[in-house]
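The following note sets out several points on the model shown below.

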Amino acid sequence: MTSQTTLLNTRFLTAGYGPVTVLHGIDIEVNEGEIVVVLGANGAGKTTLMRAISGTIPRTGNIEFEGRSIKKDSTDAIVRAGIVQVPQGRGTFPELSVADNLLAGAYVRRDGAKAVADDIAKWYSVFPRLQERSTQRAGSLSGGEQQMLAIARALMSRPKLLLCDEPSMGLAPLITRELFNVIGQLNKEEGLSVLLVEQNANLAMHIASRVYLLETGVIVASGSAAELSADDSIRKAYLGF
Amino acid sequence: MKPLFTIKAGGPTSWAVRVVCAAALVYVLLWIPTSGSNSLIDTATTALTLMGAALSLNLLLGFTGQISLGHSAFFGIGAYTTAVCVTRWGWSPLKTLPIAFAVAFVVGALVSLPALRIKGVYLALVTLTLGVVFPQFIKWPKIEWLTGGSRGLTDTGFKFDKNNRTFELFGWNPWGNLRGENVKPFYFWIAVVIVLIIYLICRGLVKSRVGRSLVAIRDNSTAAAVMGVNLALTKGLVFGLSAAMCALPGSLTAMKGTVTPDTALLTVIGSITFLIVMVVGGAGTLWGPIIGAIVYQFITEKTGDWVEPDKIPSLLRPFFSWSKTPPAAGIFGLSLVVLMFVAPLGLAGFWKQVVGRVVAVVPKPAGSTTLEPTAPSDGIPTWQPEEPLAEQ
C-alpha cells in the first residue's frame, strides 16, 4: 500500500452478546478512498463486526477513526464522527415516506434545510426510482428499492465511512450486481470510503481494494482481491471455483 | 376505484377546506358553552380531559412505540399537584399548571430510566406497576397530612365569590364566570386551552426532525440509532414530556373542586381508558385521540342508563338487557376487535380511507426545493433496477 491515510483502524476488537464472545480480536484497517470487503460465511461474525464498529453493542479493544479513539463513544457520537451503517436487512422505516426516510438520514446534520434538500435532489438523481416513489411509504417498496433507499439514507448524513452489512441479502443477482456497481462508482467519483461485509464473494471482490477473510470471529487471511483469488484453497472455499 | 375529486395540497381548494373546517370547529366550540345544556358542557369537558390524556399517551405509544400503562399516575400527579398547591399554599389553580407539568416531567423522565432497557410486555408491566401503586401511595398514612389519604382533598379549585370579575363582551359571555352561578363554561375553556396546548406541542414535534426520529425509533430502533438518534436521551425526553402533558388534564379535574385517590381516571382504569381512546381513535395519528375521545364519551353518556331495560332502544334490548352495569366497556371491547380488522389505524385511519375514496390529495413534492427530474450531473450513473415491481 502506498502512503494513504488510515481512516479506520481496529486493534484486538472483541465483541459478543452476553456470555458469548463472537469476535476474538479483530485487526482491520480502512484507508481513505478504499472499499474494504470482509468476507465470511454465516455465523462468522460479520454483522457483529459492523455492530461493534458502529457502537450498537458493547465491545473491547481499540477502535480509531481518523486517528482518534472512538472506543468509548456512543452510537450517535460515532455517526456524528462520520461512520454510518446500512443495517442488515435494509432497515428502512416502513411507516415513513421515502422522502422522510431520507430526511431521517440527515438527522445529525446541522447545515440547514437547503443543503439537505440539495442532497436529497442529488441522491434522487442517482436513484431516480426513489424520486418516483418519494411520497410512498417505504414499506411499500420492493426489496431492491428498499436497499437503494437504505444506502441513500445513510449517505444523507455525508459519512466519511459507509458500513454496508450484506447489501446483497435477499436480492436477485442482477440487482446485486447493479448495487455493487453503484457502490463502486460512488467510491470512484465521490471518494467515498466503504467497509462492506458480504457472503457474496464473487461480486464483492470486483469492487474491493482489499479483502479480509473472517472465520468464526478471527481474521484468517487478508490481501488484495487479486492475491486472495490467486490462493487456491481460499478460492475453493469462498469463490466456489 | 378512482377518486371523484383531486385536490393539490397547499392549493386554493385545500386552503378553502381548511378554512371551512376551522370555522366549523370554532362555531362548535362557541356553541357548546353558550347554547348547550349544562350536561352537554360537562360531557364536552370530560371528553376534552380524555383527549388531552390520550394525545399525550399517543406521542409516547403511537409515535415513539413505548407503551405506558402508568399514565393514570401522571394524570393523578397533575391532579394532586394542583390540589396540594391550592389547599396548602392558597395558590390560584391556573398557576399550578406549570408546576404540575414540571413535577410530572421529572417523574416521567425517572420512570423512563428502566424504559431505556426494556420494551414491549416488560415495559407494560413496569408502567402498570406505577399505575397500580399511585393510588396506594396517595393513601399511605405517612403522607396523609399532605394528600388527605383515602378521603382525598376538597376545595381544590377556584374560590367563588359574588364580586369576582366577569369577562363579558358587550353582554355576550361565552366564557362563564367565577361567581358561582355560571362556572361550567369556565372549566370547558380551560380544557379547550389545555387540549390546544397539548395538540400544538404534539403537532410541532411530530412534523419536525424530532418527529421523524420518534417514528424511526418505533419502526426500527437499531436503524434509528445508526442514523445518529440518541435513543436513551430521546426516549427519556419523550417519556417525560408525555407524562408532563398528561398531568395538565389531571390538573383540570382537581380545579373542579375535589380529588380522591379512587377517582376512576386516577386508578389503573384511567390508563386503560386513555389507551382505548387512543387506539379506537387511531394510534400514531394526530387527530386519532381527538376523535376517539369524542366517540368514547358520546357512547359512555348514551349507554349510561342502559341498566334499566326500558331505557335501552327496543332494537338493542335483547343484547343488553342482561347487563347490570352500563355496557359501554363491553361495546368498546367489541368495537376494538372489529376496528382491528376494518381499520387498524383507528377511526382517524378509517376516515382517511373513506375520504380517500372520494377525494385524492396530491401531496407537495418532498424536500423544500423543487424536484424536477434532474439530469445525473455528478457523473454518477443512474440506476434503474430491471426488477419487476410487483409490490405497490
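Why is H11(B) largely enclosed by the rest of the structure? Point 2 takes this up, after a remark on conventions.

1. This is a predicted model, in which local features need pLDDT of at least 70 and side-chain atom pairs count only at pLDDT 80 or more, while totals for chains, interfaces and linings use all residues. Residues are numbered from 1 along each chain as its sequence is written, and chains are lettered from A and ligands numbered from 1 in the order in which they are written.

2. H11(B) is largely enclosed because 11 of its 14 residues are buried. A residue is termed buried if 20 or more other C-beta atoms lie within 10 Å of its own, exposed if 12 or fewer, and partly exposed in between, with C-beta atoms placed from the backbone. Among the buried residues of H11(B) are Val268(B), Phe274(B), Leu275(B), Met278(B) and Gly281(B). Their cover includes helices H2 (38-63), H3 (71-89), H5 (120-139), H12 (288-302), H14 (328-342) and H15 (346-358) of chain B. Helices (H or I, at least four residues) and strands (E, at least two) are DSSP runs, numbered from the N terminus.

3. The length of helix H11 (residues 268-281) of chain B is consistent with its residue count: at 1.5 Å a residue, its 14 residues should span 20 Å, and the end C-alpha atoms are 20 Å apart. The expected span is 1.5 Å times one less than the number of residues. Gly282(B), which follows H11(B), has a positive phi near 135 degrees.

4. The largest nonpolar core has 172 residues. Such a core is a set of buried Ala, Val, Leu, Ile, Met, Phe, Trp, Tyr and Cys residues joined through C-beta atoms within 7 Å. H2(B) gives the most to this core, with 14 residues. Those with the most contacts inside the core include Val37(A), Leu163(A) and Ala104(B). Leaving aside neighbours within four places in sequence, Ala104(B) is in contact (C-beta atoms, placed from the backbone, within 7 Å) with residues including Phe74(B), Ile77(B) and Ala247(B).

5. Chain A is assigned domain 1 (6-82 + 159-239) and domain 2 (94-158); such bounds come from an automatic or database domain assignment. The C-alpha centres of these two domains lie 24 Å apart. Their contact takes 9 residues from domain 1 of chain A and 8 residues from domain 2 of chain A. On the domain 1 side, helix H2 (75-81) and helix H7 (173-190) of chain A each supply at least two residues.

6. Strands E1 (residues 6-17) and E2 (residues 20-26) of chain A pair in the antiparallel sense over 5 bridges, pairing being called when DSSP finds at least two bridges. Ala15(A) has Leu23(A) as its bridge partner, and Gly18(A) in the turn has a positive phi of about 55 degrees. Likewise, 5 bridges join E10(A) to E11(A), which run antiparallel, with Val211(A) partnered by Gly223(A).

7. Most residues other than glycine have a negative phi, and most peptide bonds are trans. Phe12(A), in strand E1 of chain A, has a positive phi of about 50 degrees although it is not a glycine; Phe12(A) is exposed, with 12 other C-beta atoms within 10 Å. Thr216(A) has a positive phi of about 35 degrees and is placed in the loop between E10 and E11 of chain A. Thr216(A) is partly exposed, with 13 other C-beta atoms within 10 Å.

Notes:
Two residues are in contact if their C-beta atoms, placed from the backbone, lie within 7 Å.
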